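The sequence and structure come before the details.

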Amino acid sequence: QVPLVESGGGSVQAGGSLRLSCAASGGTVSSRGMGWFRQAPGKEREGVAAICRGGGNTYFADSVKGRFTIFLDNAKNTAYLQMNSLKPEDTAMYFCAAKYDFVRRCDSVGAEYEYAYWGQGTQVTVSS
């Protein structure tokens, strides 16, 4: 088990920034691929960003490329999603997730079924 707890969500005006945190216990964030997903009301959950195990390559959805970054703090066993230049369309519930240990493929954000553990979500609201 790898319990994940997100924090850092909130309300911000367009153009602003937020940093989401995903604290892991019962495992290390560097030992698995980690990802961030989001779900807006009435829409399907979509992958936003991912970082390969060991804090390697990173991948982003086209809609957030150049604005979001994902990184790890191994000392804090925490994954982060730094979101800059936020837009109203970024409004959603954001979830962090950890991949199954046996998943080795890491060439994109990845599909939901590759992720074994999920946090409870943190709400991000961007106003225009």
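## Disulfides

Cys 96 has a relative accessible area of 1%, so Cys 96 counts as buried, the cut-off being under 20%. The model is predicted. Its disulfides number two. One of them joins Cys 96 to Cys 22, with an S to S distance of 2.0 Å. This pair links distant parts of the chain: Cys 22 belongs to strand β3 and Cys 96 to strand β9 (residues 92–99), 74 residues apart. The link is right-handed, with 55° about the S-S bond. Cys 22 is buried as well, at 0% relative accessibility.

Cys 52 and Cys 106 form a disulfide with sulfur atoms 1.9 Å apart. Cys 52 sits in the loop between β5 (46–51) and β6 (58–60), and Cys 106 in the loop between β9 and β10 (115–118), so the bond ties together parts that are 54 residues apart in sequence. This link is left-handed, with -95° about the S-S bond. Cys 52 is buried, at 9% relative accessible area. Counting bonded cysteines along the chain, the pattern is 1-3, 2-4.

## Sheet

Four strands make an open antiparallel sheet, in the order β1-β3-β8-β7. β1 (4–7) and β7 (68–73) each have a single partner strand, so one side of each lacks a neighbour in the sheet. On average, neighbouring strands are turned by 15° against each other, direction ignored.

Six bridges pair β3 (residues 18–24) with β8 (residues 78–83) in the antiparallel sense. Leu 20 has Leu 81 in β8 as its bridge partner.

## Largest pocket

The largest pocket has a volume of about 170 Å³. Its lining consists of 13 residues, with Arg 38, Lys 43, Glu 46, Glu 89 and Asp 90 nearest the centre.

Key: Residues numbered from 1 in each chain as written. Predicted model: local features only at pLDDT ≥ 70, side-chain atom pairs only at ≥ 80, totals over all residues. Heavy atoms only, no water. 1 Å grid on protein atoms, 1.4 Å probe; cavity = no way out; pocket = protein on both sides within 12 Å on 5 of 7 lines; lining within 4 Å. Points joined across faces, edges and corners; volume = space filled by probe spheres on them. Pairing = 2+ DSSP bridges. Helix = DSSP H or I, 4+ residues; strand = E, 2+ residues; numbered from the N terminus. Axes fitted to C-alpha atoms, helices over the stretch in contact; angles between N-to-C directions. Disulfide = S-S within 2.5 Å. Buried < 20%, exposed > 50% of the residue type's maximum accessible area, 1.4 Å probe, protein only.
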